[in-house]
Structure formats: structure tokens, C-alpha cells
Amino acid sequence: MNDGRFSIEIYYRVIAQFLLPQTVDRIMWLDADIVICGTISDFYHQDFEGALLTACPDVNCEDKEIIRIKENLGLSKGHTYFNSGVLLLNIEALRKTTDLQVIVQTAQSIAPYFVYPDQDLLNYLYSGRVKYCDQNKYNCQVQAFGELTQDQIKDIAILHYAGAQKPWFFYYIHELSKAAIPYWKEIALQGKWFSIVKIALLYGLWLV
């Protein structure tokens with residue numbers, strides 16, 4: 001289930017209901033390549049409305065690759081493929097309706113078809129039991145930048161640098177990268193100036 005591209009930790013979100021204390025009834029999962037730009041309390045405290053998790057459609061959910069993934073997994077055409085970088089998990093309901101052994105067996109049986117392992121697995125396990133939220137606000141995946149209006153950019157609460165391109169890569173700079181600048185400053189204050197200077201020099205060379 002792991003071809004080396006992804007760490008084993010990606011599966012923590014799949015089995016969170018078996019790892020967390022019984023006092024936890026919900027939890028929010030955020031990938032490491034995310035910057036919080038606005039309030040997320042309304043997202044966290046929302047009503048699940050009977051769903052096992054809340055997510056946002058993947059920015060590429062209508063692309064041929066995702067359609068092929070759905071076909072290979074046996075998911076219906078009507079299923080909206082969601083991104084697993086931002087999740088609100090209904091831990092209380094998941095404890096009552098899921099079994100760890102069944103999840104492991106299911107993962108092993110469909111692993112040959114995985115492209116995005118945990119994401120594919122979650123889409124397979126919970127199709128029809130997902131509540132969807134506004135992807136432009138709560139999981140704005142940077143690939144969609146060209147499709148966003150300035151008003152939409154101002155409304156972003158969760159900015160997700162999904163995919164291979166990250167804001168800390170010197171050749172990947174655009175308006176949405178500004179959200180990461182405060183964290184660059186924090187790194188500098190921790191004494192990691194050399195890394196920042198090196199990246200700045202590389203970016204300068206790239207511009208030339």
C-alpha cells in the first residue's frame with residue numbers, strides 16, 4: 001500500500017477513530033502543506049448531518065485521471081471525488097460504523113488501483129456518506145489559482161498547496177504564495193537564514 005512516494009503516516013486519518021481517546025468525538029485533519037488564512041471555527045463546529053466525514057471536492061475531480069481512478073476502484077460516476085488534505089472526521093459515528101480489520105482488508109484488496117493511497121481509500125470507504133463544503137474557501141488547492149477571482153481569494157480560509165509544487169520552491173511564486181511568507185520569516189528567526197538566502201539566490205538565478 002506504500003510505493004515510497006507517500007509516508008505511512010498518511011493512513012492515520014483513515015484509522016483515527018481507533019487511535020484517538022474516547023473523549024474525542026470529532027477531529028480536523030490538515031495536511032502539512034496548508035496555511036490557515038481565515039477563521040475555521042464554523043467549519044469545525046458544523047453539523048455533520050448524518051455524514052461520516054466532511055470534505056471538499058478535489059480540484060481535479062472532473063479530470064480524466066480522477067475519472068479513471070473512480071472506474072478502477074469501482075466507484076459510481078455520480079460520486080464526487082474529494083481531497084483528503086482537509087477533513088472533518090465524525091469520530092463518534094466512525095467508531096460505531098467501522099471495523100479496523102475490515103478497513104485493512106479493504107485497503108489490501110484495492111491497493112493495486114491506488115494512485116493517491118489514503119485519498120482513494122477514503123473515497124472508496126465513505127462514498128455516499130460524505131458532506132461536501134466549498135472547496136474555494138475550505139480547501140483551496142493552489143492548482144485552481146488561475147480560475148479564482150480576487151473576491152474568492154480574499155474569502156479563502158484554508159489554502160492548500162496541493163501537488164508537487166510548493167511555495168517554498170524558488171521557481172513557484174505567484175499571488176497565493178504570499179500566504180507562506182510569515183512562515184519563511186519564522187524560519188529565519190529560528191536561525192535558518194542560510195536556507196532562505198540559498199533559495200533567494202537560486203530564485204534570482206532562475207529569473208536571469
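This is a predicted model: local features need pLDDT of at least 70, side-chain atom pairs count only at pLDDT 80 or more; totals for chains, interfaces and linings use all residues.
Local features were taken at pLDDT of at least 70 and side-chain atom pairs at pLDDT 80 or more, whereas totals for chains, interfaces and linings use all residues. Residues are numbered from 1 along each chain as its sequence is written, and side-chain values rest on heavy atoms, with hydrogens and water left out.

The secondary structure comprises 10 helices and seven strands, both being DSSP runs numbered from the N terminus (helices H or I, at least four residues; strands E, at least two). Of the 208 residues, 40% are buried, where buried denotes under 20% relative accessible area, exposed over 50% and partly exposed in between (1.4 Å probe, protein chains only). The accessible surface amounts to about 11,700 Å², 57% of it belonging to carbon and sulfur atoms, as computed by the Shrake-Rupley method with a 1.4 Å probe, only the protein chains shown counting as cover for residues.

Helix α6, spanning residues 117-126, is mostly covered, with eight of its 10 residues buried, namely P117, D118, Q119, D120, L121, L122, N123 and Y126. After α6 comes G128, which has a positive phi, near 90°.

On the surface, Y12, F18, L19, L100 and V104 together form a nonpolar patch with about 430 Å² of accessible area; α1 (16-19) and α5 (100-110) are the elements that each contribute two or more residues to this patch.

Note on methods
Patches are made of residues with over 30% relative accessible area and no salt bridge: like charges are joined within 9 Å, nonpolar side chains (Val, Leu, Ile, Met, Phe, Trp, Tyr) within 5 Å. A salt bridge is a side-chain nitrogen of Lys or Arg within 4 Å of a carboxyl oxygen of Asp or Glu.
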